[in-house]
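Thanks for coming, everyone. Let me put the structure up, and then we'll walk through it together.

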Amino acid sequence: MQPVRIAGLPDDPLAAAARFHAELVPALPTEGDVLLVFAPAEHPHRGWREAAVGALGRVFAPRRINAVASDNPAAVDSALAYLATAQGLTGQYLPLDDAGAGAVLPSGA
């Protein structure tokens, strides 16, 4: 899966979505699976990003396209490693953090 960094988008969600679709989508690789790597952003950006990646997942099929939001190279590398084993996963937007999965908690059963 080829990572493609998405940078330089406006702070306004509508303007960011417009620029993404007008300028960045046409420049996406035409072969192979793609991982879009967005910078972390405020909650209003989540909706357009999820919708865009979901639609691109359908358009790219049978190629896969997914996205993460992270500025942590180790987290992006971990996502790439996971996605390499998840061959059916496409059209997903996965905001990442640096906290990891955390400890497994007992079920109480």
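**A walk through the fold**

Leaving out residues up to four places away in sequence, Val68 touches Leu35, Leu36, Val37, Phe38, Val76, Ala79, Tyr93, Leu94 and Leu96. Keep in mind that this is a predicted model.

Where does Val68 sit? Val68 is in strand β3. Is Val68 buried or exposed? Val68 is buried, because its relative accessibility is 0%, and buried means under 20%. Now find Leu80. Leu80 is twelve residues from Val68 in sequence. In space, C-alpha to C-alpha, Val68 and Leu80 are 9.6 Å apart.

Let's step back to the whole protein. How many helices and strands are there? The protein has three helices and four strands. Read along the sequence, they follow the pattern β-α-β-α-β-α-β. Of the 109 residues, 35% count as buried. Then there are the contacts. Take those between residues at least 6 apart in sequence. Of these, 74% join residues at least 24 apart.

Back to strand β3. This strand covers residues 65-69, and Asn66 is in it. Asn66 counts as buried too, because its relative accessibility is 0%. For Asn66, the list includes Met1, Val34, Leu35, Leu36 and Val53.

Next, helix α2. Which residues of α2 are buried? They are His45, Trp48, Arg49, Ala52, Val53, Gly54, Leu56, Gly57 and Phe60. And what covers them? The cover includes α1, β2, β3 and β4.

We can look at α1 through one of its residues. Pro13 is found in helix α1. Pro13 is partly exposed, because its relative accessible area is 24%. Set aside neighbours within four places in sequence, and Pro13 is in contact with Pro44, His45 and Trp48. Look at Trp48 in particular. Pro13 and Trp48 are 35 residues apart along the chain. Their C-alpha atoms are separated by 7.5 Å.

Now strand β4, with Pro95 in it. Pro95 is partly exposed, because its relative accessibility is 40%. Not counting residues up to four places away in sequence, Pro95 touches Arg46 and Ala69. Compare Pro95 with Ala39. In sequence, the two are 56 residues apart. In space, they are 9.4 Å apart, C-alpha to C-alpha.

Most peptide bonds are trans. Pro62 lies in the loop between α2 and β3.

Last stop, the empty space. Rolling a probe the size of a water molecule over the atoms shows where such space is left. How much space lies in the largest pocket? About 160 Å³. The pocket is lined by 15 residues. Nearest its centre are Leu9, Pro10, Pro40, Ala41 and Arg49. By class, the lining has ten nonpolar, two polar and three charged residues.

That's the tour. Over to you for questions.

Key
Residues numbered from 1 in each chain as written. Predicted model: local features only at pLDDT ≥ 70, side-chain atom pairs only at ≥ 80, totals over all residues. Heavy atoms only, no water. 1 Å grid on protein atoms, 1.4 Å probe; cavity = no way out; pocket = protein on both sides within 12 Å on 5 of 7 lines; lining within 4 Å. Points joined across faces, edges and corners; volume = space filled by probe spheres on them. Nonpolar A, V, L, I, M, F, W, Y, C, P; charged D, E, K, R; others polar. Helix = DSSP H or I, 4+ residues; strand = E, 2+ residues; numbered from the N terminus. Buried < 20%, exposed > 50% of the residue type's maximum accessible area, 1.4 Å probe, protein only. Contact = heavy atoms within 4.5 Å.
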